[in-house]
Amino acid sequence: MSTAEDTSAAAPDTALDEAAAKPGNARESRLLLFVLPGVVALVFGAWLWWRAIADLDSIEARQLEAGLIMSLIWQHIKVTLVSTAFVLAIAIPLGIALTRPHFRRAAPVAVGIANAGQAAPSIGLIVLLAIWLGFGFWTAVAGLTLYAILPVLRNTITGLQGVDQTLVEAGRGIGMSGAGVLFRIELPLALPVIMTGVRTALVLLVGTATLVTFINAGGLGTLIVTGITLFRYPVLVSGALLVALLALLIDWAGRVLERVARPKGI
Amino acid sequence: MTATSPNTSASANGDVSGVDIEMVDVVKTYPGMRKPAVDKLSLHIPAGEIVMFIGPSGCGKTTSLKMLNRLIEPTSGTIKIGGEDIRGKDVDQLRRHVGYVIQGGSLFPHMTVAQNIGIVPGLLGWDRSRTAERVDELLELVSLDPRRYRDRYPRELSGGQQQRVGVARGLAADPPVILMDEPFGAVDPITRQRLQDELLSIQEELRKTIVCVTHDIDEAIKLGDRILILQEGAQVAQYDTPEAVLAAPANEFVEDFVGAGSTLKQLSLARIDDLELAHPTTAKVGEDCAEVRRRAEANGDKSVVVLDERNRPVDWPWLRELVGRDRIPGDVDETLMTLDRRATLNDALDTMLTSRHGAAVVTGRRDEYLGVVNFNAVTDHIQATEQQLSEQQLSERPAGEAPEDGSAG
């Protein structure tokens, strides 16, 4: 308890943030915000150091060569971000549509379908799509997108439904158009919830993107698969470690985004 | 639209800036309901008056109000505002010219006070500087210091302050008609009284047509130029001035609704304006203390009312509190309770009971000091009214025929 008091006393200027969420949550997320990048940098540094001094055979050395690692990381990030962009482009407008009076009844059906998409084993989804659409980057994006629509869709719907209806009526009552109320009141107020969904989707995607190596879409999963097939544990562990670090980093970026996007005053 | 100058001091001469409202045979039937929520309501609301809609819950008062800005579309019937049928207009355009004030203010939490107030001017295409000017002017009008409050977020304000901003937002584009839906229902009684007083003094300056829903008969009596008492299905039980409603309830329903003890209710009818105010010694902030004490002692006063540079009362110290001081201090006594001159005797008694002087400071337009009201003034007034009433009753009894106004259920 004394430490809790210490931190709150040391940071009086964060009182605004404190009031917004439960104090415990706020403290936890603030901690993560500052500590996460440090931990990631530390572990990555340790890996680099190990990579420099480790006694590797020729196969391992070729697999862990800096240029190759960089391109794998870049592939991984690219497939993650492109899928996220598709997820947002589909799930947010869909979520908005499903909270409008005309389509409100369809919301449970759509969430059910999205639920099924996420419940299906991701590897199965990706491989089935590959059989249908062929191997490669865009198939990977399609599979990942289907897989990660649910959290964003669900949070968009929940967030919009959570907006106080008296505020919506107040907006209409003073003469804002339906679209005006949506963009200036409903979406800003629902944004924190939507952003949490986006972060969940990002973390889900960065992990699942490990699997797209099976359909020739590259990414850090390649290291893991190579490590397993060739019994090269340094390669396998490096791959797993780098994916974990990337996931943590993306989660952190998502948290920063959540912070930045949260409208002031709520 | 009658675009009265947004400069309130220019319109302070009391010109009516409101327009009249006419409802003819307005019916609202909700789908799936057999009985209409509002059944053939016909009503004329004169320009520049405050009309209070009151009745038991479910009587259709809120539905009737919301039909005036088409938040609820009437099933049939005609509504004209300023002579124009509101159904002929674009609904968003209509609402931008009809102020709307909601319980608790219903401010948008992610917008600052200035942004909240500036929404409608923005929608009407005002430029930034004009909107900013208007926001400051309105904040002054609702007694909030613009410099201090314009950039705050709603949750940094108290309930009463939020409600004030809500009123300012309703007035933003200077609409001729303002609708209020239980505007002061969500604040404590003392704040409510202040807000009511402020609304009355604002109304005195602006003379809008205000339609206000309430469930509080005292509020209706205090604020209303007319009261519309509704029964189930928005049937008009009585539509008259507060005085007439109290003196001659149209039927048993109204009598029950207005409540027993109508003599006590008369306290809600009489205003401080009707009383003789006392004028104790006053002092300006920064004045020489010794000089002020001399003046007070010459007047036989034991306390002085301290006024700031804009003549607003800030403190009411006893003379002994000024001993040892050089100049009159400018600290604002946050607990100093003031009464607007439009406050009712009911409010006045409330305030005096909690005051350490057994009296209360009375303010007029823009919180300017007018004088002091004490218990004697109130009791004298009550006695005089009682006497008058009983004399009236004696002389009127034989011919006493109450005006039966719209009582046909």
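How many bridges pair strand 4 of chain B with strand 5 of chain B, and in which sense, parallel or antiparallel? Strand 4 (residues 76-81) and strand 5 of chain B are joined by two bridges, and they pair in the antiparallel sense. Before going on, keep in mind that this is a predicted model, where local features need pLDDT of at least 70 and side-chain atom pairs count only at pLDDT 80 or more, while totals for chains, interfaces and linings use all residues. Residues are numbered from 1 along each chain as its sequence is written, chains are lettered from A and ligands numbered from 1 in the order in which they are written, and side-chain values use heavy atoms, with hydrogens and water left out.

Back to those two strands. A strand here is a DSSP run of E with at least two residues, a helix is a run of H or I with at least four, and both are numbered from the N terminus; two strands pair if DSSP finds at least two bridges between them. Within strand 5 of chain B, Glu84(B) is the bridge partner of Ile81(B). The pair belongs to an open sheet of four strands in chain B, with the order 2-1-4-5 and antiparallel pairing. Strand 2 (38-45) and strand 5 (84-85) of chain B sit at its edges with a single partner strand each, so one side of each has no neighbour in the sheet.

Chain B has another open sheet to look at, this one with three strands in the order 11-12-13 and mixed pairing. Its edge strands are strand 11 (282-284) and strand 13 (313-315) of chain B, each pairing on one side only. From one strand to the next, the twist averages 45 degrees (axes are lines fitted to C-alpha atoms, for helices over the stretch in contact, and angles run from 0 to 180 degrees between N-to-C directions). Strand 11 of chain B runs parallel to strand 12 (residues 305-307) of chain B, and three bridges join them. Look for Ala283(B) opposite Val306(B) in strand 12 of chain B.

Now for helix 12 (residues 289-299) of chain B, where Cys289(B), Val292(B) and Ala296(B) are buried (buried means under 20% relative accessible area, exposed over 50%, and partly exposed in between, with a 1.4 Å probe and protein chains only). Viewed down the axis of helix 12 of chain B, the buried residues fall within an arc of 65 degrees, so they line one face of the helix; the arc is that of the directions from the helix axis to the C-beta atoms. An α-helix has 3.6 residues a turn, so residues three or four places apart point the same way. Turned away from the buried side of helix 12 of chain B is a face with the exposed residues Arg294(B), Glu297(B) and Ala298(B).

Val361(B) has Val372(B) as its bridge partner in strand 16 of chain B. Five residues lie between the strands of this hairpin, where Arg366(B) takes a positive phi near 55 degrees.

Positive phi turns up elsewhere in chain B too. Ala234(B), in the loop between strand 9 (226-231) and strand 10 (235-240) of chain B, has a phi near 55 degrees and is buried, with a relative accessible area of 2%. Glu182(B) is not a glycine either, yet its phi is positive at about 45 degrees; with 16% relative accessibility, Glu182(B) counts as buried.
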